[in-house]
Amino acid sequence: MEFSHVPVLLEECLEGLAIRPDGIYLDGTAGGAGHSREIARRLTTGRLISLDQDPDAVETATQRLQGLPAQVVQSNFRYAPQVLDELGIPALDGALLDLGVSSHQLDDADRGFSYRADAPLDMRMSQSGATAADLVNSLDREELTRILRDYGEEPYAWQIAGKILQRRQERPILTTLELADTVASALPPAVRRKDKNPSRRTFQALRIAVNSELDALNEGLDGIFERLAPGGRFAVITFHSLEDRLVKNKFRRWATACTCPPEFPVCVCGGKAKAKLVNRKPIEAQGKELEENRRSRSAKLRVLEKL
Ligand SMILES: C[S@@+](CC[C@H](N)C(=O)[O-])C[C@H]1O[C@@H](n2cnc3c(N)ncnc32)[C@H](O)[C@@H]1O
């Protein structure tokens with residue numbers, strides 16, 4: 001199957017990263033190498049390290065980056081500092097994270113990310129560890145509710161979790177469509193009629209849980225920021241509000257000098273900002289890109305420069 005994924009906000013990322021031909025760059029989410037290839041093309045004596053936790057993406061990215069000053073490593077970006085240590089790279093001039101799943105992962109029905117096609121309920125980006133089916137068939141109602149509410153912002157989390165427990169007592173829920181059907185059966189008919197994809201939030205929540213996406217992002221942001229050289233740029237594209245909030249808050253904290261409690265009338269901490277925001281508001285897709293690439297609709301790009 002052809003690996004098809006159109007890079008989102010490509011020009012904006014390249015501009016945000018302010019690529020220097022002799023710089024050392026990290027792409028923490030290689031995917032189909034859409035961004036990686038354009039970064040690597042702009043390098044002369046510089047070098048790009050591209051990571052992805054998905055072996056399929058690593059294979060594709062490796063092929064697509066052949067002949068360019070780039071190297072692909074299979075790793076979760078939360079371990080970026082360790083990978084950089086192993087490669088003997090002390091500091092980065094820029095880093096990119098383009099979060100979430102690729103169109104390829106979504107389109108490959110067997111991976112179980114999509115509620116539109118019947119497939120084993122898998123959702124593991126790394127193709128290892130516990131699957132979505134493992135979670136759905138083992139967690140208690142409270143834990144399932146927490147996942148659906150916190151990661152999917154699902155208003156009917158408790159009801160859906162209850163239905164999941166009821167169904168799995170008869171037999172385990174093993175496929176995407178079995179889960180989608182279970183979700184639909186937990187919702188009031190009026191909601192079902194109005195919402196064309198009522199299982200969207202449940203699928204998002206389980207995907208985040210299966211891949212520990214928010215923990216990885218939290219750790220990855222810290223680890224990568226730590227390795228940026230002064231003047232180094234960090235560009236992050238998010239696709240839902242939980243991710244964006246995490247990135248926004250971290251970027252703000254790094255870009256804030258004073259860390260005194262807000263009720264203090266004057267600053268006593270004498271803190272110094274570690275970074276400056278390159279754009280105050282997130283950059284969003286516009287015009288043609290919005291029309292042509294559905295994925296771009298929810299994309300938000302934030303860029304920061306280390307001081
Ligand atoms: C949106 S796609 C990236 C697409 C890429 N920028 C392109 O233009 O082709 C996200 C990719 O990041 C990978 N990914 C997501 N979270 C990851 C993590 N924590 N560590 C490593 N790779 C991750 C996914 O496997 C997927 O291939």
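These legends walk through several close-up views of a predicted model.

In this predicted model, local features need pLDDT of at least 70 and side-chain atom pairs count only at pLDDT 80 or more, while totals for chains, interfaces and linings use all residues. Residues are numbered from 1 along each chain as its sequence is written, and side-chain values use heavy atoms, with hydrogens and water left out.

**View 1. Arg-116, Lys-196, Arg-294 and Arg-297 make up a positive surface patch.** Patch members have over 30% relative accessible area and no salt bridge, with like charges joined within 9 Å and nonpolar side chains (Val, Leu, Ile, Met, Phe, Trp, Tyr) within 5 Å. Lys and Arg count as positive and Asp and Glu as negative, with His and the chain ends not counted; the charge is placed at NZ of Lys, CZ of Arg, CG of Asp or CD of Glu. Areas come from the Shrake-Rupley method with a 1.4 Å probe, and for residues only the protein chains shown count as cover. Arg-116 sits in the loop between α5 (103-107) and α6 (132-138). Helices (H or I, at least four residues) and strands (E, at least two) are DSSP runs, numbered from the N terminus. Arg-116 has a relative accessible area of 60%, so it counts as exposed; the cut-offs are under 20% for buried and over 50% for exposed, with partly exposed in between (1.4 Å probe, protein chains only).

**View 2. Arg-294 is another piece of that positive patch.** Look for Arg-294 in the loop between α14 (287-292) and β7 (300-306). Arg-294 is exposed, because its relative accessibility is 62%. Val-8 is 286 residues away along the chain, yet the C-alpha atoms of Arg-294 and Val-8 are separated by 9.7 Å.

**View 3. Arg-207 and Glu-213 pair up in a salt bridge, 2.8 Å from N to O.** A salt bridge here means a side-chain nitrogen of Lys or Arg within 4 Å of a carboxyl oxygen of Asp or Glu. Side chains of opposite charge can pair when their charged atoms come close. Arg-207 belongs to helix α11 (residues 200-210). With 14% relative accessibility, Arg-207 counts as buried, and Glu-213 is buried too, at 10%. Leaving out residues up to four places away in sequence, Arg-207 has contacts (heavy atoms within 4.5 Å) that include Phe-113, Met-123, Met-125 and His-240.

**View 4. Asp-85 and Arg-227 form a salt bridge at 3.0 Å, N to O.** This pair ties together distant parts of the chain, 142 residues apart: Asp-85 in helix α4 (residues 80-87) and Arg-227 in helix α12 (residues 213-227). Asp-85 is exposed, with a relative accessible area of 52%, whereas Arg-227 is buried at 14%.

View 5. Glu-38 counts as buried because its relative accessible area is 17%.

**View 6. Glu-143, Arg-146, Arg-149 and Asp-150 are joined in a salt-bridge network.**

**View 7. Phe-264, Val-266 and Val-268 make a nonpolar surface patch of about 300 Å².** Val-266 is in the loop between α13 (241-254) and β6 (275-277). Val-266 counts as exposed because its relative accessible area is 58%.
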